[in-house]
Amino acid sequence: MYDVVIIGAGVTGSAAARELSRYQAKVCVLEKEEDVCCGTSKANSGIVHAGFDAVPGTLMAKLNVQGNKMMEELSQELDFPFKKIGSLVVCTDEADRDRLSELYLRGVKNKVENLRIVEREELVKMEPNISDDAVCALYAPDAGVVCPFGLTIALAENAHVNGVEFYFRQEVEKIEKNGEVWRLWTRTGEEYKTKYIVNAAGVYADRFHNMVSRKKIHITPRKGEYILYDKEVGRHVTHTIFALPGAYGKGILVTPTVHGNLLSGPTAVDISDREGTDTTREGLAAVREKARITVKGIPAKKVITSFAGLRAHEDGHEFLIGEVKDAPGFIDCAGIESPGLTSAPAIGKMIAEILRNKLELKENIKFQKTRKGIQTTENMSLEERNVLIRENPAYGNIICRCEGISEGEILDAIHRPLGAKSLDGIKRRTRAGMGRCQAGFCAPKVMEILTHELSCPWEGVTKKGGNSKMVLGENDGKL
């Protein structure tokens, strides 16, 4: 019997878990995939938005600004990458200046600090590769970039260390309430009992809400396609560059990533497939074409990969957070689309406050608020590296040459709390496989480490759990 069961180990579910671990409560997270951060949270822009875009008075606006202010301190506590680089919303037509001014005034109403409009002369000094058509821009110095999976994994690990239980491959299929107790059944046949449920299921959140409430909600998967460029051109721009927002969101952006690549996207296409993360010729062409509207000279030959992610677009375009009126004990955390990543720390805090009051929770005096990430050699001096390698020779064995990832880092990723169990799990924790060759050279060695450390055969190694096997069998008696 649990006090709280959270459905979904994405960034909002993990943030809620971490905040709840501050209190004396029995909490678990049920995740349908083999790891945290396998859905909406893994494939997005990684932008920490300043908060000027959301409609004033909405939860989106309030939690965006709160989350932005929390991110830097949180990154220091939980040791994940975050950089405050600022953003620019570029106006490329003098006729649109009033729209930019409206966006500025919206930001002021949302209490976004340090906003100002910069004219072309200053804009070109800030960004030499800005479009020749750029007239002016809205500058938000408090915007930033973060590693989406770095943030999510850090929140989940810290929650787990503080007592939250995580169960993977536990896809919830049925929910019922008997008296004051909620019962959840998963596809594997497991049953979980709890006093409260937190519905943080991303694009599936409407399904669970509609199981328990007469007032139905509807979420549309909104697909966004991206293009990722080599680190060699990572400083083509130094701020996040937006076009003026349209009906489907903030449009195509161009930004450096927290790890030094260049990223452009996303598109915004509503689809019916809640697992539809394929990329398309048309989508990627649109990314390339629209990115040129605000930034010139983006080097097409430096592309290293493309990907797509889904946003959980609720029909009212608002975060739905709180106890469902006709389903006491069921807490929605639904419709968490952009700026959901930015808002996640504040969303987690809001969910925890609701449950603290409902359950009259006491403080967990043993709460450990800090977490140390995987030790990397990236920013070490040669002397520091040599000391580390003498202590642990595995750090001297480079597995991923593109990103400079050592065997020591991969071993840490496997054996730390909620450790990696697949190639994608290793990749999201260490970046092994995210470089120019996209795991073309390092994958076999990473697989070998996984077989050894997890005591599994080669056929048991997967890309992302489930049936995504990397090896299907033997050929002439040899693998």
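Residues are numbered from 1 along each chain as its sequence is written, and side-chain values use heavy atoms, with hydrogens and water left out. Because the model is predicted, local features need pLDDT of at least 70 and side-chain atom pairs count only at pLDDT 80 or more, while totals for chains, interfaces and linings use all residues.

**Enclosed helices**

Helices (H or I, at least four residues) and strands (E, at least two) are DSSP runs numbered from the N terminus. Helix H5 (residues 148-161) has 14 residues and reaches 20 Å from its first C-alpha to its last, close to the 20 Å expected at 1.5 Å a residue; the expected span is 1.5 Å times one less than the number of residues. Of the 14 residues of H5, 12 are buried, so H5 is largely enclosed by the rest of the structure. Buried means under 20% relative accessible area, exposed over 50%, and partly exposed in between (1.4 Å probe, protein chains only). The buried residues of H5 pack against several elements, including helix H1 (11-20), helix H2 (59-78) and helix H8 (340-359). Just after H5, Gly 163 takes a positive phi of about 110°.

H1 is also largely enclosed, as 10 of its 10 residues are buried.

**Crossing of H2 and H8**

The axes of H2 and H8 come within 6 Å and cross at roughly 95°. Axes are lines fitted to C-alpha atoms, for helices over the stretch in contact, with angles from 0 to 180 degrees between N-to-C directions. H2 is thus roughly perpendicular to H8 (65 to 115 degrees). Residues of this contact (heavy atoms within 4.5 Å) include Leu 63 and Met 70 of H2 and Ile 347 and Met 350 of H8.

**Nonpolar cores**

A nonpolar core is a set of buried Ala, Val, Leu, Ile, Met, Phe, Trp, Tyr and Cys residues joined through side-chain atoms within 4.5 Å. Of the 62 residues in the largest core, Val 4, Ile 6, Val 36, Phe 166, Ile 351 and Leu 355 touch the most other members. H8 gives the most to this core, with six residues. A second, separate core of 25 residues includes Tyr 192 and Leu 310.

**Backbone features**

| Residue | Feature | Value |
|---|---|---|
| Pro 266 | cis peptide bond from Gly 265 | omega near -5° |
| Pro 339 | cis peptide bond from Ser 338 | omega near 10° |
| His 317 | positive phi, not a glycine | about 50° |
| Leu 418 | positive phi, not a glycine | near 55° |

His 317 counts as partly exposed at 41% relative accessibility, whereas Leu 418 is buried at 13%.

Conventions
Angles under 35 degrees count as roughly parallel, over 145 as roughly antiparallel, 65 to 115 as roughly perpendicular and the rest as oblique.
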